[in-house]
Amino acid sequence: MLVVEARNRIGGRVYSVQPAGWTAPAELGAEFIHGGNDIMARIVAKAGLKTKAVQAGMNWEENGEIRCMPGFWDTVARMAEQIPKNDLGWTFQEFLQRRGRKFSERDRAMLAHYVSSFNAAKFAKMSAHAARVDHAGADTNDRKPLSRYDKIAEALKAEWPENKVELKLRAVVARVEWGRANVRVTIRVKGRSTKPVFTARAAVITLPLGVLKAKHVAF
């Protein structure tokens, strides 16, 4: 198995940094371990990593002041309960139009802002069904690694069988070609004029949506 990583590190969106002199790391990517993620809980436990509970508070900027929002997650949970379990094809905006009367005007504005910012999507296009399924914030059993989040990626890498997995860093995928029998991946390696080509039976692509939409890789 070959793992090709464009960066000079593993972890992808998990990115922990700790400049000299800092007493604690800063998480520039993933930060929390959301409740209900049993797979992640097993990985953390197996790696012997310690975590701490995260206080489920939320602040709100109003009239130029930062104010605490008591009951925020209860409101998010009530929102999820009001969204039909069967996917009716509603956007979140349509959900608010149909069921929004059950919430105050302030809560409707807060929910629209929360859903759009948490999912990085306009609430006029965001799926209401997806918001119901993935209302991780309503589960207040969130935790945070005591050390660094990237320790989780390192723990996963430590389980790779060294004789079966090869890792290439600073290797940017330029082209992916596939057919019935195999897939060919062409990569660009900094400092090399030639572009190595690797052939395999299959390829698992984990590129972020933004990279795919930008068409930095030719398929």
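Q: Why is L209 called exposed in this predicted model?
A: L209 has a relative accessible area of 60%, and exposed means over 50%, so the term applies to L209. L209 lies in helix 7, residues 209–213. L209 also belongs to a nonpolar surface patch with W178, I205, L207, L212 and F219. Together these residues have about 630 Å² of accessible area.

Q: Why is F72 called buried?
A: The relative accessible area of F72 is 5%. Buried means under 20%, so F72 is buried.

Q: What makes W73 count as buried?
A: W73 has 14% relative accessibility, and the cut-off is under 20%, so W73 counts as buried.

Q: How many aromatic pairs does the structure hold, and why is the pair of F72 and W73 called edge-to-face?
A: There are five aromatic pairs. In the pair of F72 and W73, the ring centres are 4.6 Å apart and the planes stand at 80°. A pair needs centres within 6.5 Å, and planes over 60 degrees apart count as edge-to-face, so F72 and W73 form an edge-to-face pair. Ring pairs also link F72 and W73 with Y114 and F118 in a cluster.

Q: What makes strand 5 and strand 6 a pair?
A: Strand 5 (residues 59–62) and strand 6 (residues 65–68) are joined by four bridges. At least two bridges are required, so the strands pair. They run antiparallel, and E62 stands opposite E65 in strand 6. The two strands form a hairpin with two residues between them. In the turn, N63 has a positive phi of about 55°.

Note on methods:
Residues are numbered from 1 along each chain as its sequence is written. This is a predicted model: local features need pLDDT of at least 70, side-chain atom pairs count only at pLDDT 80 or more; totals for chains, interfaces and linings use all residues. Side-chain values use heavy atoms; hydrogens and water are left out. Rings of Phe, Tyr and Trp (its six-membered ring) pair if their centres lie within 6.5 Å; planes under 30 degrees apart count as stacked, over 60 as edge-to-face and the rest as tilted. Buried means under 20% relative accessible area, exposed over 50%, partly exposed in between (1.4 Å probe, protein chains only). Patches are made of residues with over 30% relative accessible area and no salt bridge: like charges are joined within 9 Å, nonpolar side chains (Val, Leu, Ile, Met, Phe, Trp, Tyr) within 5 Å. Accessible areas come from the Shrake-Rupley method with a 1.4 Å probe; for residues, only the protein chains shown count as cover. A salt bridge is a side-chain nitrogen of Lys or Arg within 4 Å of a carboxyl oxygen of Asp or Glu.
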